[in-house]
Amino acid sequence: MKLSKGSQFGLYIVALMTLVAILAETIAPYDPLQVVLKDSLQGPNFKHFMGTDLLGRDILSRIIYGARASLIIGVTATSISLLIGLIVGSVSGYYGGWVDSLIMRLTDIFSAFPYFLMAIIIMTFFEPSMISVFFVLGIAGWTNYARLVRGQVILVKVSSYVEAARSIGAKDGRIIVHHVFPNILSPLIVYTTMNIPGVILAEAGLSFLGLGVQPPTPSWGVMLSEGKDFIFNAPWLIFWPGAALLFSVIGYNLLGNGMRDRLDPRYKQGGESNGSRLVNSCQRS
Amino acid sequence: MIGTNKATETLLKVENLKKYFPVKKGLVIQRHVGDVKAVDGVSFEIYPGETLGMVGESGCGKSTLGRTILRLLEPTQGKVIFQGQSLTELSREEMRKIRSQMQMIFQDPLASLNPRMKVRDIIGEPILIHEVLNRVEREKRVSKLLNIVGLSPNHGERYPHEFSGGQRQRLGIARALAVNPKLIICDEPISALDVSLQAQIINLLEDLQAEFNLTYLFIAHDLAMVKHLSNRVAVMYLGKLVELTSSEELYLHPRHPYTIALLSAIPLPYPNQKKGRIILKGDAPSSVNPPSGCRFHTRCPEMQDICKVMDPELIDIGNKHFVACHLHTDEKKKVGNSVTNHQ
């Protein structure tokens, strides 16, 4: 089954963003940090396709480098969340009992904690930078992964093939790695894809408030923050980073939707349509 | 391990095995309000090379019994002695190592095969765990196993969902055979297959038994199949054995009223023959609150007063025909003197 048109569009956006982030040095027309005061606040023109900011820096180049910041933070913070969530969730789900209860209550405490507050606390101890953003967003996000993984592990661990693995004498580690993980992968991939835009937005939010990536490093959130004072006399300052955020978020969401449909085993096996699934679920309930 | 083969004639001895599942109530503080007595004091022996059939209606605890013997479920009480070694006293690690000696074939062949693993890896896994073989030797063994169960070695590169139902069960059998076990517990291996495939799988199991000197504990609810395959048959009702004897004896001279009722339900191939079918009243009672005395007394057509009060023991009424029924306790007294105390 192929991806739907919408998801293909999403895939193109994500691919484009990734390509731009990797090739930033090659395709950016100017140095994003180069201050040219005489070019201050120029509107879009042939020399500066997206215009310039207060310090005369080329906005297109800053958007391109900003894509790199967003992508790095999106992927790294998500990976940190995923790793913690995978370990915590699989231990909790696989062993169950009081271990499970303890871990899940700790998870509840963590997820009840607003990540902006956590960011502020962490920033009071460390310099705000890209690395601290990794940690804030990585640690803020793991609870959802832990819950998802736990639920899936519980589902898989009672399956007959896990019992079969135990009956042939496989160790716990082997069962988790070879029998449990591969079978919980699909929902995890989907959730991860859908989660990246959230992280990108959170980074922009943190940077906007000065808690994230620090100027002059180009990041879409930083650019929004710098441009907000000129919203009436130089609207392109916030238009372009806003549009970049919008498109990347839409791109990842569309891709995530498509992957969910693609990886859902029910779709894979029977090729059932949405309608018949709805009918089935109605009949069941 | 060395010398135990000679020392013990029985391969597997189950003594008073119990498996209770606690029933809990309460949201935060969970109170223990009762137990599901899935297996409640079962004792029997399996001799090397034989097939012991285990029959009973669904929910009587026969699958739980199989799993508890292999310690896939921890027994609540009782002993399982395999080749003179008490499995219930082994540590988890010791138990893990001894698992190569006893394997299981599962009811649902597709569900018991990891959908994300290739057949080659599924069948090779027990070898990988229990034996020191390099990759090439292992693959050779896997190919051989696939041949033995009637598949071709190039099937190894496929995934389980690419096979038909009968082929999948052959894969399950190949996995169970991979590390040369002595005992195989077959947990309703044919009940998920259609009739034509059932016969194929049964024939395969019989051939393998002859070839590799296997011992089977064959759990099923299909009495005709069990009769065909088993040397001895045990009948289970609500977590207890009610009758245990040789296959011919059970089908020719069933003693327990439950066994008689079960046997009368076997469909006959002769439409004109009169079927004296016994229909039991109601459903099997709950195993959380089993009836007092004999568990079968609520449905038994030959119930006496004593049945409500006293639980009959499984006793030998002669020729190793074991029955747990008050109807036959007197008979035991008659024959009892000549029968030596069976362990």
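## Chain A: contacts and overall form

In this predicted model, residues 24 or more positions apart make up 68% of those contacts in chain A that have a separation of 6 or more. Of the 285 residues in the chain, 41% count as buried.

Chain A has 12 helices and zero strands. Along the principal axes, the C-alpha atoms of chain A fill a box of roughly 75 × 45 × 35 Å.

## The contact between chains A and B

Chain A puts 14 residues into the contact with chain B, and chain B puts in 20 residues. On the side of chain B that touches chain A, two or more residues come from each of α3 (92-98), β6 (102-105) and α4 (119-130) of chain B. The element that gives the most to this side is α4(B), with four residues.

By residue class, the side of chain B that touches chain A divides into nine nonpolar, six charged and five polar residues.

## Helix α4 of chain B

Besides its part in the contact with chain A, α4(B) has a set of buried residues: V119(B), I122(B), I123(B), G124(B), E125(B), P126(B), I127(B) and H130(B). These buried residues pack against two elements of chain B, α5 (135-148) and α6 (165-177).

## The open sheet of chain B

Chain B contains an open sheet of four strands in the order β2-β1-β4-β5, with antiparallel pairing. The edge positions are taken by β2 (31-46) and β5 (85-86) of chain B; each has a single partner strand, so one side of each is left without a neighbour in the sheet.

The pairing of β5(B) with strand β4 (residues 77-82) of chain B is antiparallel and runs over two bridges. Within this part of the sheet, I81(B) stands opposite S86(B), a residue of β5(B).

## The helix on the sheet

Helix α2 (residues 62-69) of chain B packs on the sheet. The strands that α2 touches are β1 (12-25), β2 and β4 of chain B.

Note on methods
Residues are numbered from 1 along each chain as its sequence is written. Chains are lettered from A and ligands numbered from 1 in the order in which they are written. This is a predicted model: local features need pLDDT of at least 70, side-chain atom pairs count only at pLDDT 80 or more; totals for chains, interfaces and linings use all residues. A residue is buried if 20 or more other C-beta atoms lie within 10 Å of its own, exposed if 12 or fewer, and partly exposed in between; C-beta atoms are placed from the backbone. Two residues are in contact if their C-beta atoms, placed from the backbone, lie within 7 Å. Ala, Val, Leu, Ile, Met, Phe, Trp, Tyr, Cys and Pro count as nonpolar, Asp, Glu, Lys and Arg as charged, and the others, Gly among them, as polar. Two strands pair if DSSP finds at least two bridges between them. Axes are lines fitted to C-alpha atoms, for helices over the stretch in contact, and angles run from 0 to 180 degrees between N-to-C directions.
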